[in-house]
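Here's a quick tour to read with the model open on your screen.

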Amino acid sequence: MTEPEGPAPFQTFILKVANRCNIDCDYCFVFNSKDQAARRLPARMDLAVAQAAARRIGEHATVHGLRTIHVVLHGGEPLLVGVGHMAGLLEAVRDAAPAGTRVLFELQTNGTLLSDAWLDLFERYEVAVGVSLDGPPPANDRHRLTHAGRSSAASAVRGIELLRSRPHLFAGMLAVVDLANDPVEVHDYLAAFEPPVIDFGLPHATHDDPPHRSDPSVPEYGLWMGRVYDAWLDRPEYRHSVRMLEDIVALSSGVRGSVETLGLAPPTSVVIESDGSIEAVDTLRSVKEGASWLGLDVLRHSFDEVLSHPKLLHRQHGKDALAEQCRSCPLVDVCGGGYLPHRFSEAQGYQNPSVYCADLEYLIRYVQGSLRQHGWDPYAQAASSP
């Protein structure tokens with residue numbers, strides 16, 4: 001009898017290089033949610049911690065024969081660490097990578113601190129840069145204000161325009177869905193910056209703290225994203241991808257998606273905090289205090305030890321880790337039961353459908369219906385996939 005395969009190795013390593021931010025997004029899962037641990041962590045990752053993390057990453061890549069690894073520089077706002085310190089962090093990771101393993105650096109920023117000096121550094125280390133912006137200034141400023149309560153939009157746009165001068169560094173844009181904003185206006189505004197990718201995220205919410213809705217009986221978030229889908233398709237000159245929508249198409253065809261929020265493939269990312277502690281899904285901070293913490297760190301533990309942690313068992317069990325309602329749903333291979341934090345309730349833990357279940361169902365069926373109108377049956381494609 002064949003032995004069951006072990007858990008999939010980590011391939012994406014998210015380094016929380018900064019644990020402070022120069023703007024105060026009211027939906028931020030790091031600073032404005034249930035778990036406030038980030039405020040007690042070091043403001044920036046010390047070089048010695050980065051070197052320890054880099055050694056562990058290199059060790060993991062060697063043990064599992066990884067040819068490519070992704071290292072994401074995150075925060076807070078990662079640019080707060082300064083150009084010189086960031087150069088040291090990047091060098092530490094690159095130096096520790098084993099021969100034959102390619103390191104792909106990515107960075108997520110609010111864009112307000114971007115400068116030519118930063119872009120010169122990113123050129124040197126081939127760092128792909130994503131920028132967070134929720135749409136035109138009135139839309140963006142609903143949630144993304146400075147600590148003084150002022151707009152952050154103009155500074156972010158200035159940074160994006162500077163980044164566009166080196167388009168090979170521009171990874172894309174991230175926007176959080178707000179039902180108060182017009183989806184077509186938001187999409188078209190972001191598309192005008194010519195990003196390769198627009199990534200729309202649903203606000204973090206749980207069954208105990210559900211997302212805002214005008215009418216809970218209506219799949220308002222699904223309808224919102226459906227209008228984005230139409231806007232995206234209506235303009236043949238658009239060359240960007242919309243990650244959530246492309247993942248629905250891919251997963252409907254039996255192809256693995258690119259994000260952890262959809263599909264049943266085991267996640268392969270892990271988070272290293274500024275003090276070296278390790279988290280699996282840092283967005284679980286939106287669930288409750290301590291939900292994301294594993295009690296492990298890069299100074300004392302290998303990433304293989306992290307893989308076997310009890311809190312990560314859901315990564316290995318796929319469909320079996322879902323609520324019964326999800327396991328029997330015909331769309332489960334596409335939605336994957338929804339993103340882990342969005343399934344939580346104090347009463348049943350993560351054994352619930354997503355708080356966005358109706359929205360995901362609407363959007364998946366809407367996209368699949370559109371594909372059929374163009375002569376492509378996603379179910380037939382999925383059945384024929386290897």
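A cavity here is a set of points, on a 1 Å grid over the protein atoms alone, where a 1.4 Å probe fits but cannot get out; a pocket is an open set with protein on both sides within 12 Å along at least five of seven lines, and lining residues have an atom within 4 Å of a point. Grid points are joined across faces, edges and corners, and a volume is the space filled by probe spheres set on the points. This is a predicted model, where local features need pLDDT of at least 70, side-chain atom pairs count only at pLDDT 80 or more, and totals for chains, interfaces and linings use all residues. Residues are numbered from 1 along each chain as its sequence is written, and side-chain values use heavy atoms, with hydrogens and water left out.

**Cavities**

- The structure holds two cavities of 30 Å³ or more.
- The largest cavity takes up about 210 Å³, and its lining has 20 residues, with Gly-263, Ala-265, Pro-267, His-314 and Arg-343 nearest the centre.
- That lining splits into 11 nonpolar, six polar and three charged residues. For the classes, Ala, Val, Leu, Ile, Met, Phe, Trp, Tyr, Cys and Pro count as nonpolar, Asp, Glu, Lys and Arg as charged, and the others, Gly among them, as polar.
- The second largest cavity comes in at about 50 Å³. Its lining is made by Pro-7, Ala-8, Phe-10, Pro-266, Pro-267, Leu-307, Arg-315 and Gln-316, a set of six nonpolar, one polar and one charged.

**The second largest pocket**

- This pocket has a volume of about 280 Å³.
- Of its 17 lining residues, Pro-310, Lys-311, Leu-313, His-314 and Tyr-350 lie nearest its centre.
- Helix 10 (residues 313-317) gives the largest share of the lining, three residues. Helices (H or I, at least four residues) and strands (E, at least two) are DSSP runs, numbered from the N terminus.
- By class, the pocket lining has 11 nonpolar, four polar and two charged residues.

- Helix 1 (residues 47-64) has 18 residues and should span 26 Å at 1.5 Å a residue, which agrees with the 26 Å between its end C-alpha atoms. The expected span is 1.5 Å times one less than the number of residues.
- At the start of helix 1, a side-chain oxygen of Asp-46 comes to within 2.9 Å of the backbone nitrogen of Ala-48. Such a polar contact is a pair of N or O atoms within 3.5 Å; within protein, one must be able to donate a hydrogen and the other to accept it, and residues adjacent in sequence count only if both atoms are side-chain atoms.
- After helix 1 comes Gly-65, with a positive phi near 60°.
- The buried residues of helix 1 pack against strand 1 (12-16), strand 3 (68-74), helix 2 (83-96), strand 10 (269-272) and helix 9 (303-307). Contact means heavy atoms within 4.5 Å.
- Val-49 sits in helix 1 and counts as buried because its relative accessibility is 13%. Buried means under 20% relative accessible area, exposed over 50%, and partly exposed in between (1.4 Å probe, protein chains only).
- Not counting residues up to four places away in sequence, Val-49 touches Glu-273, Ser-274, Asp-275, Gly-276 and Val-298.
- Val-49 and Ile-272 are 223 residues apart in sequence, yet 9.5 Å apart in space, C-alpha to C-alpha.

- Helix 7 has 15 residues and reaches 21 Å from first C-alpha to last, close to the 21 Å expected.
- The cover over its buried residues includes helix 6 (183-191), strand 8 (197-201), strand 9, helix 8 (243-252) and helix 13 (357-373).
- His-240 is in the loop between helix 7 (220-234) and strand 9 (241-242), and counts as buried at 6% relative accessibility.
- The side chains of His-240 and His-187 are joined by a polar contact of 3.0 Å.

- The peptide bond from Gly-75 to Gly-76 is cis, with omega near 20°; Gly-76 is in the loop between strand 3 and helix 2.
- Glu-126 is not a glycine, yet has a positive phi near 55°, and is exposed at 62% relative accessible area.
- Glu-194, also not a glycine, has a positive phi of about 55° and is exposed at 59%.
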